[in-house]
Amino acid sequence: MNDMHDDIQEIILDESDIRDINRRLGEAITKDYADKNPIVLSVLKGAVLFTADLIREIKCPCEIDFMAVSSYGNATKSSGDVRIVKDLDGDISGRHILISEDILDSGLTLDFIIDLLKSRNPASVEVCAFTVKDIENRVCKTVPKYVGAHVADQFIVGYGLDYAERYRNLPYVGVLKPEVYS
Ligand code: PRP
C-alpha cells in the first residue's frame, strides 16, 4: 500500500495547531455573530473538514450550506476559470453569510463567489479562511475577516487540501514533495 505520509516533505500545521486555530476562530465568530444566525457557507470540497470542525467551535446559532466550485481541476495553479458545480440550496437575501474556505491562494475563487453572492442581496458577506498563502502582488479583492494561519507559497495538502483529489484525508497540513507533482 502506498503510504500518503511518505509523500509529505514537512508538516506545517499538526492536529493540535488545527484545534487551536479552530478554537480561536470559533470564539471570534461567536462574539461577532451572536445575534445574527449566520449561514456558514462551506466551499466544497476542500473546506469540508475545516467547516465541520469550525462550526463546532461556534457557540451561537448558525446554519450551514454548501457551494461547490472548481478552479484548479488537477492542475497546481488556479486557472481563474471558476465554474459553479453546485449552488447554495437556500435564499440568502437579508442573511449574514460567512464563507468558510480551506485556502486563499490566488484569491480568484473567492472573488468570484463573493461577487456572485453580493448580487443576491445578503445582509453581509465575510470570509473565514483556514489558510492564506503569502503571495506577493496578489491581485484579488478579497480580504478575509478571519484567518487561521498564513502559510508560505508552497504546495500544501491535507485537512481537505488535495493534489489530484488525493491527500484530503490527512489529519494535518503538510508540504507535498515536489517529485510527486513534477
Ligand atoms: C481550491 C481551494 C479553494 C481554491 C483556492 O479549490 O479549495 O477553493 O482552490 O484557490 P485560489 O485562491 O487560487 O482561487 P479547488 O478548485 O481545487 O477545488 P476543491 O476545493 O474541490 O479542491
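**View 1. An open sheet is built from 3 strands in the order β1-β9-β8, with antiparallel pairing.** The model is predicted; local features need pLDDT of at least 70, side-chain atom pairs count only at pLDDT 80 or more, and totals for chains, interfaces and linings use all residues. Residues are numbered from 1 along each chain as its sequence is written, and side-chain values use heavy atoms, with hydrogens and water left out. Strands (E, at least two residues) and helices (H or I, at least four) are DSSP runs numbered from the N terminus. Two strands pair if DSSP finds at least two bridges between them. The edge strands, β1 (8-13) and β8 (156-157), each pair on one side only.

**View 2. β1 and β9 are antiparallel partners joined over 4 bridges.** Here isoleucine 8 stands opposite leucine 176 of β9.

**View 3. The largest nonpolar core contains 23 residues.** Such a core is a set of buried Ala, Val, Leu, Ile, Met, Phe, Trp, Tyr and Cys residues joined through side-chain atoms within 4.5 Å; buried means under 20% relative accessible area (1.4 Å probe, protein chains only). Ile29, Cys128 and Phe130 touch the most other members. At least two residues each come from α1 (15-32), α2 (48-55), β5 (96-104), β6 (124-133), β7 (146-151) and β9 (173-176). The greatest share, 4 residues, is given by α1.

**View 4. Isoleucine 29 is in contact (heavy atoms within 4.5 Å) with Leu54, Ile58, Leu98, Cys128 and Tyr146.** Neighbours within four places in sequence are left aside in this list. A second, separate core has 20 residues, including Ile92, Ile97, Leu110 and Val127.

Note on methods
Buried means under 20% relative accessible area, exposed over 50%, partly exposed in between (1.4 Å probe, protein chains only).
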